[in-house]
Amino acid sequence: MRFVKETLARRLVGVVAMLLAVGPAVVVAAPSAEAATASPAMIAAYQVRIVQRINAVRAFYGRGPLWTANCPTWFAIQWSNHLASTGTFYHQSMYPILRVCRASKAAENLARGNVSADSFVAAWLASPGHCANILDPALNRVGISAVYARGQWTITTDFARF
């Protein structure tokens, strides 16, 4: 068991290093803490970057890509807006996603802070539960929402299996 944990830890470090070294040339930086809002183009680029990073990690581990889907995206948008407007931070129930999206499986990763999209994905990879969601081969769809408010990003990434 110790060997497996050490091997996984080394692979995760390798993935993070690979993502930072050989990722696409477009790097999305967080707006400065003084910025009141992010432009729609910056928000879209931030969301795309998170999905690109997640799919790069999945490819490295031999998993299929996650495809964006309207239904989990709708839930992600609603939840990010709620978290950002209330200043709260907790997971929503996955049951509505399962029922409304007719998904057989659902999971969620959340993040908040004033860091790059790459940094959020690296933090998720360092967390066993979040990493498990990213690498789960049963999940094949994703919905993502990024809201920039109060000098920080609030990210909701809802995964599903259709």
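**Strands, cores and a disulfide in a predicted model**

Strand β3 (residues 141–149) has 7 of its 9 residues buried, so the strand is largely enclosed by the rest of the structure. The structure described here is a predicted model, and the confidence of the prediction is reported at the end of this passage.

Strand β3 pairs with two other strands. With strand β1 (residues 67–68), β3 pairs in the parallel sense over 2 bridges. Within this pairing, W67 has R141 of β3 as its bridge partner. With strand β4 (residues 152–161), β3 runs antiparallel, and 9 bridges join the two. One of the residues involved is Y148, whose bridge partner in β4 is W153. The hairpin of β3 and β4 has 2 residues between the strands, and R150 takes a positive phi near 55° in this hairpin.

Helix α5 (residues 117–126) also contains buried residues, namely A117, D118, F120, V121, W124 and L125. These residues cover an arc of only 160° around the axis, which puts them on the same side of α5.

The largest nonpolar core of the model has 26 residues, and those with the most contacts inside this core are I50 and I155. Two or more residues are given to the core by each of the elements α2 (40–60), β2, α5, α6, β3 and β4. The surroundings of I50 can be listed residue by residue. Not counting residues up to four places away in sequence, I50 touches A117, V121, W124, I144, I155 and T157. A second, separate core has 7 residues, among them I97, C101, A103 and A160. In soluble globular proteins, nonpolar side chains tend to be buried together.

The cysteine C101 also takes part in a covalent link. The model has 1 disulfide. It is formed by C71 and C101, with their sulfur atoms 2.0 Å apart. The torsion about the S-S bond of C71 and C101 is about -90°, so this disulfide is left-handed. C71 lies in helix α3 (residues 70–86), whereas C101 lies in the loop between α4 (95–100) and β2 (105–113), so the pair ties together parts that are 30 residues apart in sequence. C101 counts as buried because its relative accessibility is 10%, and the cut-off for this class is under 20%. Another cysteine, C131, counts as buried at 7% relative accessibility.

N133 counts as buried because its relative accessibility is 17%. Leaving aside neighbours within four places in sequence, N133 is in contact with A107, E108, N109, L139 and F159.

The mean pLDDT of the chain is 84, and 78% of the residues reach 70 or more. Confidence is highest in helix α6 (residues 128–135), at a mean of 98, and lowest in helix α1 (residues 2–22), at a mean of 40. Over residues 1–34, pLDDT stays under 50, and the model has 45 contacts beyond four places in sequence for these residues. Where pLDDT is low, the predicted coordinates should not be read in detail.

Definitions and conventions
Residues numbered from 1 in each chain as written. Predicted model: local features only at pLDDT ≥ 70, side-chain atom pairs only at ≥ 80, totals over all residues. Heavy atoms only, no water. Disulfide = S-S within 2.5 Å. Helix = DSSP H or I, 4+ residues; strand = E, 2+ residues; numbered from the N terminus. Buried < 20%, exposed > 50% of the residue type's maximum accessible area, 1.4 Å probe, protein only. Pairing = 2+ DSSP bridges. Arc of directions from axis to C-beta. pLDDT = per-residue confidence, 0-100. Contact = heavy atoms within 4.5 Å. Core = buried A, V, L, I, M, F, W, Y, C linked by side-chain atoms within 4.5 Å.
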